[in-house]
Amino acid sequence: MIIKERTKPVVLLQLEALLRRLPGNHRKRPLIEADLARYAAGYSGEKSIDYHLSFLPEKEFTILHDLRLSSGSHSFQMDTLILHPNFILILEVKNITGTLIFDQNFHQLIRKIGDKEEAFPDPLLQASRHKKQLQQWLAANRFEEIPIEYLIVVSSPATIIKMIPFNQSLYKRIIHSNTIYDRVNELIEKHKILLLKPPGLKKLSRLLDKNHTVLTKPIMDQYGILLTDLIPGTACPKCLAFPMDRVQGHWFCKKCSIKSKNAHLSALEEYFLLTNAPSISNKEFRFFLNISSTSITTRFLLDSGLSHNSSRKNRVYLRKK
Ligand SMILES: [Zn+2]
């Protein structure tokens, strides 16, 4: 049973929104496009393992995707967490093509394509840290007994996997996604003691889901981009062309000729997504939409469902939690 579904990561939504609004010749575009491609590949790798996970019997396994928990002062995010009555399994998904060399001397992951080499953080080290953090979290929530396993899942079947120096026990922790089912069955053979009865399992899965927190980074600060760098306006809800025109009380798309009454609502969401601001003023929304009329944006904001502070003069509308 899937308790927590996989959804598009916030950072992907942020980068897409940023590129939509950044002029074609902006000098940060190539960097943002490269980062978007990297995050998109990670997300599609994570999604691609869902097919293999669908073979696990629903009654026996509880699955939570993209779970971010806090243990002490640190947070940690796991791509997929699988709960079984006898054990817990953390999956870290890597969607990297070429030849992957897990270098255990320097704890790095080296990707080789032709003569080109690129280094990434060691996923084995990362996953074993997540295991320790999850152990602490479980202990703090009175679930200390359950053994935790972890696997690195390489999502592309064409990726060649190597390890230096070779270590049998660690090597078993790296798998291609089409062997998830077999490896999980090996783990069931290994962990034969039932530790979580149905009520306990239900309680734990609810607790994990409830304690999940979303990390939203201020994406514009990260790239040193200002609101004045962005193209103001709102996108067409049908063809995504940008920006729409304001014609006789409607939004009008020059490209596909549709009319919209509330296309500005997605611009409002984008404002919060991009700025990470806790609130928006009428003036800020007018600037973001490129509208001069205060009364129009006042109506938009009042109709948006956002709550606002009481003062009339310095009124701000609060971001939805
Ligand atoms: Zn359109």
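Trainee: Where is Leu306 found?

Mentor: Leu306 sits in the loop between α10 (294-303) and β15 (316-318). Helices here are DSSP runs of H or I with at least four residues, strands are E runs of at least two, and both are numbered from the N terminus. Residue numbers start from 1 along each chain as its sequence is written. This is a predicted model, where local features need pLDDT of at least 70, side-chain atom pairs count only at pLDDT 80 or more, and totals for chains, interfaces and linings use all residues.

Trainee: Why does Leu306 count as partly exposed?

Mentor: Count the neighbours. Leu306 has 16 C-beta neighbours inside 10 Å. A buried residue has 20 or more other C-beta atoms within 10 Å of its own, an exposed one 12 or fewer, and partly exposed is in between, with C-beta atoms placed from the backbone. The count of 16 falls in between, so Leu306 is partly exposed.

Trainee: Which residues does Leu306 touch, not counting those up to four places away in sequence?

Mentor: Leu301, Tyr317, Leu318 and Lys320. Touching is a contact: C-beta atoms, placed from the backbone, within 7 Å. As for Pro57, 249 residues away along the chain, its C-alpha is separated from that of Leu306 by 42 Å.

Trainee: What makes Arg142 exposed?

Mentor: Arg142 has 10 other C-beta atoms within 10 Å. Arg142 is placed in the loop between α3 (123-140) and β8.

Trainee: Why does Leu240 count as partly exposed?

Mentor: Leu240 has 13 C-beta neighbours inside 10 Å.

Trainee: How do you know the class of Asp103?

Mentor: Asp103 has 15 other C-beta atoms within 10 Å, so Asp103 is partly exposed. Its place is in strand β5 (residues 99-103). Asp103 touches Gln108, Ile110 and Ile164, leaving out residues up to four places away in sequence. The C-alpha atoms of Asp103 and Arg312 are separated by 61 Å.

Trainee: Which peptide bond ending at Pro165 is cis?

Mentor: The bond from Ile164 to Pro165, with omega near -20 degrees. Pro165 is in the loop between β9 (160-164) and α4 (168-171). Phe242 and Pro243 are also joined by a cis bond, with omega about -15 degrees. Pro243 lies in the loop between α7 and β11 (245-247).

Trainee: How close do the axes of α1 and α2 come, and at what angle do they cross?

Mentor: The axes of α1 (residues 10-21) and α2 (residues 29-53) come within 10 Å and cross at roughly 145 degrees. Axes are lines fitted to C-alpha atoms, for helices over the stretch in contact, with angles from 0 to 180 degrees between N-to-C directions.

Trainee: Which residues make the contact?

Mentor: Val11, Leu12, Leu15, Glu16, Leu18 and Leu19 of α1 meet Ile32, Glu33, Asp35, Leu36, Tyr39, Ala40 and Tyr43 of α2. They divide into 10 nonpolar, no polar and three charged. Nonpolar covers Ala, Val, Leu, Ile, Met, Phe, Trp, Tyr, Cys and Pro; charged covers Asp, Glu, Lys and Arg; the others, Gly among them, are polar.

Trainee: How does the span of α2 compare with the expected one?

Mentor: α2 has 25 residues and reaches 36 Å from its first C-alpha to its last. The expected span is 1.5 Å times one less than the number of residues. That gives 36 Å, and α2 is close to it.

Trainee: Which residues of α2 are buried?

Mentor: Ile32, Tyr43, Gly45, Glu46 and Ile49. They pack against several elements, including α1, β3 (74-84) and α5 (180-190).

Trainee: What domains does the assignment give?

Mentor: Domain 1 (2-210) and domain 2 (232-318). The bounds come from an automatic or database assignment. The C-alpha centres lie 38 Å apart. Five residues of domain 1 are in contact with five of domain 2. The domain 1 side has three nonpolar, one polar and one charged residues.

Definitions and conventions: Contact = placed C-beta atoms within 7 Å.
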